[in-house]
Amino acid sequence: MDRRRFLRTGATAAAASAAVVATPSIVKAQAKTFNWKMTNAYGPGAPFYVQGPGSPTDFIKMVDAMSGGRLKIQHFAAGELIPALEGFDAVSKGTVEMNCANSYFWSGKTFAAQYFTAVPFGMNALGMNAWLYHGGGQKLWEEVYAPFDIQPFPMGNTGVQMTGWFRKPIEKIEDFKGLKMRIPGLAGKVLASFGVDVKLLPAGEIFPALERGVIDAAEFVGPFQDRRLGLHKAAKFYYTTGWHETSTVTELAINKKAWASLPPDLQEIVRVAAAACNTISQSWCESANAEALEDLVKNHGVKTAPLPADILAKLKEVTLQTLNEAAAKDPLAKKVHDSFIGFKSNVDKWAGISEGVYYSQIRGQI
Ligand code: CA
């Protein structure tokens with residue numbers, strides 16, 4: 001018997017004797033295989049949202065490998081098992097064990113859900129992660145989802161998104177008046193107060209609508225995802241200030257009973273794989289957006305510009321008013337709002353003298 005084989009046999013024997021000593025219930029729990037279903041609010045093949053580094057299907061592969069095949073998850077993109085926006089109810093009822101989406105899709109059920117994805121003039125990915133992991137955000141998220149029997153985790157982040165694509169330049173707040181724009185959520189409400197005719201279109205319908213002039217402007221995500229839809233072929237003015245989605249968190253929603261049925265080691269594997277995907281997906285977005293922006297500007301005649309400061313000041317004023325009004329109607333939303341805004345004001349000061357100073361003084365010089 002060679003040395004390696006001897007060691008391997010020795011290790012197997014040691015493991016076998018440990019198993020004999022362990023209580024039968026532990027052995028049984030560890031040997032059990034779980035077969036779960038995961039639905040997704042996004043369509044088949046979508047990079048970041050469905051496939052690629054740190055995506056939900058990557059998460060499934062990580063969990064499979066780390067659990068030695070004990071937690072198998074079958075993935076269903078939007079429409080493959082249930083429609084795009086039915087995942088929250090499906091997880092809540094236990095029809096499926098897991099769903100991937102963005103919590104702000106559920107802000108109609110509970111307004112506080114908005115804060116765990118993005119609110120306009122919110123925090124960047126670093127700040128969001130700091131709040132979620134270390135500032136009480138995760139705990140509040142669990143409290144908000146408790147009545148729905150859902151255990152949430154962050155499992156991805158797009159980083160800062162872009163204001164969007166416009167067929168004409170935007171120079172003053174009045175230029176928004178009468179503009180037909182695709183922009184969902186709270187930011188849409190804010191723009192509507194400046195006369196924007198807000199259109200809610202799913203991803204696949206944005207390009208044809210913008211190209212045919214059914215809409216005059218559209219926001220989607222950022223350079224990589226926007227180029228994938230072909231938005232640069234329909235409009236050339238690309239406003240960059242990510243005021244509306246300063247970073248956008250992907251949520252992993254897990255049915256509470258299913259979560260409780262997992263042994264502690266599998267729970268830890270799920271928690272750690274979600275955290276890994278959160279980092280890996282965001283770093284992938286940084287890399288993909290950098291490449292796509294360069295390509296859009298160099299090869300497709302796209303003109304980028306930040307939104308003028310006086311426009312931003314007006315958008316910010318209405319955003320804060322909207323958030324305060326919504327929070328005043330709902331004690332749980334108020335609790336989350338106060339935690340979010342309190343954390344943000346502290347982290348903004350630090351970000352300003354750390355990242356902010358670095359980027360304003362050093363960027364592009366090396
Ligand atoms: Ca968006």
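Predicted model: local features only at pLDDT ≥ 70, side-chain atom pairs only at ≥ 80, totals over all residues.
View 1. Strands here are DSSP E runs of at least two residues and helices are H or I runs of at least four, both numbered from the N terminus. Strand 4 (residues 150–157) runs antiparallel to strand 10, with seven bridges between them; two strands count as paired if DSSP finds at least two bridges. Further along, P154 has E251 as its bridge partner. Strand 4 is largely enclosed by the rest of the structure, because eight of its eight residues are buried (buried is under 20% relative accessible area, exposed over 50%, partly exposed in between; 1.4 Å probe, protein chains only).

A note on bookkeeping: local features need pLDDT of at least 70 and side-chain atom pairs 80 or more, while totals for chains, interfaces and linings use all residues. Residues are numbered from 1 along each chain as its sequence is written, and side-chain values use heavy atoms, leaving out hydrogens and water.

**View 2. Strand 10 from end to end.** Seven of the seven residues in strand 10 (residues 249–255) are buried. V249, E251, A253 and N255 point one way, while T250, L252 and I254 point the other. Side chains in a regular strand alternate between the two sheet faces. Strand 3 (residues 98–101) also pairs antiparallel with strand 10, over four bridges, and N99 has A253 as its partner there.

**View 3. The largest cavity.** Its space comes to about 60 Å³. A cavity is a set of points on a 1 Å grid over the protein atoms alone where a 1.4 Å probe fits but cannot get out, and lining residues have an atom within 4 Å of a point. Points are joined across faces, edges and corners, and the volume is the space filled by probe spheres set on them. The lining includes F48, T158, W284 and N289. Helix 11 (264–300) gives the largest share, three residues.

View 4. E291 pairs with R227, their closest N and O atoms 2.9 Å apart (a salt bridge is a side-chain nitrogen of Lys or Arg within 4 Å of a carboxyl oxygen of Asp or Glu). R227, E291 and D295 make up a salt-bridge network. Elsewhere in helix 11, E268 and R271 meet at 2.6 Å, N to O, three residues or about one turn apart.

Notes:
1 Å grid on protein atoms, 1.4 Å probe; cavity = no way out; pocket = protein on both sides within 12 Å on 5 of 7 lines; lining within 4 Å.
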